[in-house]
Amino acid sequence: MKDTAMFRPIASPAPSRRLPLLRHLPARLLASLGLRRQRLALARLDDRLLADIGLTPDAARIESERPVWDAPAHWRG
């Protein structure tokens with residue numbers, strides 16, 4: 001008798017497993033766009049305004065150059 005396990009088709013993930021990823025996609029996209037907008041605004045602040053919020057120009061530059069997917073874990077919820 002042949003082992004039929006070798007001939008079973010590989011099943012794709014059930015739609016119910018994919019749904020949470022797709023359901024949260026618009027919110028994640030909006031959050032990513034908001035983060036990018038905030039980092040661009042940070043890059044435009046002058047030294048006086050950066051000092052007001054307790055950042056050095058180098059720290060602000062580093063933060064503003066981070067990629068949009070590089071967000072703190074507590075923001076990703």
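Leucine 40 has its place in helix 2, where helices (H or I, at least four residues) and strands (E, at least two) are DSSP runs, numbered from the N terminus. I begin with that residue and shall return to it. This is a predicted model, in which local features need pLDDT of at least 70 and side-chain atom pairs count only at pLDDT 80 or more, while totals for chains, interfaces and linings use all residues. Residues are numbered from 1 along each chain as its sequence is written, and side-chain values use heavy atoms, with hydrogens and water left out.

Let me turn to the chain as a whole. The secondary structure of the protein chain comes to 5 helices and 0 strands, and along the sequence the pattern reads α-α-α-α-α. The average pLDDT, which is the predictor's confidence in each residue, from 0 to 100, is 81 for the protein chain, and 70% of the residues score at least 70. Confidence is lowest in helix 1 (residues 15–23), with a mean of 65. It is highest in helix 3 (residues 47–52), at 97.

Of the 77 residues in the protein chain, 10% count as buried. Here buried means under 20% relative accessible area, exposed over 50%, and partly exposed in between (1.4 Å probe, protein chains only). The protein chain exposes about 6,900 Å², of which carbon and sulfur atoms supply 63%. These areas come from the Shrake-Rupley method with a 1.4 Å probe; for residues, only the protein chains shown count as cover.

Now to helix 2 itself. Its 20 residues (residues 25–44), at 1.5 Å a residue, should span 28 Å, and the end C-alpha atoms are 29 Å apart, which agrees. The expected span of a helix is 1.5 Å times one less than its number of residues.

Which residues of helix 2 are buried? They are Gly34, Leu35, Arg39 and Leu42. Seen down the axis of helix 2, the buried residues fall within an arc of 135°, so they line one face of the helix; the arc is that of the directions from the helix axis to the C-beta atoms. As background, an α-helix has 3.6 residues a turn, so residues three or four places apart point the same way. On the other side of helix 2, Leu25, Leu30, Leu33, Arg37 and Arg44 are exposed.

I draw your attention to arginine 39, in helix 2. Arginine 39 is buried, because its relative accessible area is 3%. Its side chain reaches the backbone oxygen of proline 67 at 2.8 Å. Not counting residues up to four places away in sequence, arginine 39 touches Glu63, Ser64, Arg66, Pro67, Val68, Asp70 and Ala71, contact meaning heavy atoms within 4.5 Å.

Is serine 64 buried or exposed? At 11% relative accessibility, serine 64 counts as buried. Leaving aside neighbours within four places in sequence, serine 64 is in contact with Arg36, Arg39, Leu42 and Ala43.

Several C-alpha distances place other residues around this region. Leucine 40, with which I began, is partly exposed, at a relative accessible area of 37%. From leucine 40 to glutamate 63 the separation is 23 residues in sequence and 9.6 Å in space, C-alpha to C-alpha. Isoleucine 62, found in helix 4, is exposed, with a relative accessible area of 51%. Isoleucine 62 and arginine 39 are 23 residues apart in sequence, and their C-alpha atoms are 9.8 Å apart. Glutamate 65 belongs to the loop between helix 4 and helix 5 (73–76) and is exposed, with a relative accessible area of 56%. Between glutamate 65 and alanine 43 there are 8.3 Å, C-alpha to C-alpha, for a sequence separation of 22 residues.

Finally, leucine 50, in helix 3. Leucine 50 is buried, its relative accessible area being 3%. Beyond four places in sequence, leucine 50 touches Leu42, Leu45, Leu55, Thr56, Pro57 and Ala60.

Terms used. Polar contact = N/O pair within 3.5 Å; in protein donor to acceptor, adjacent residues only side chain to side chain.
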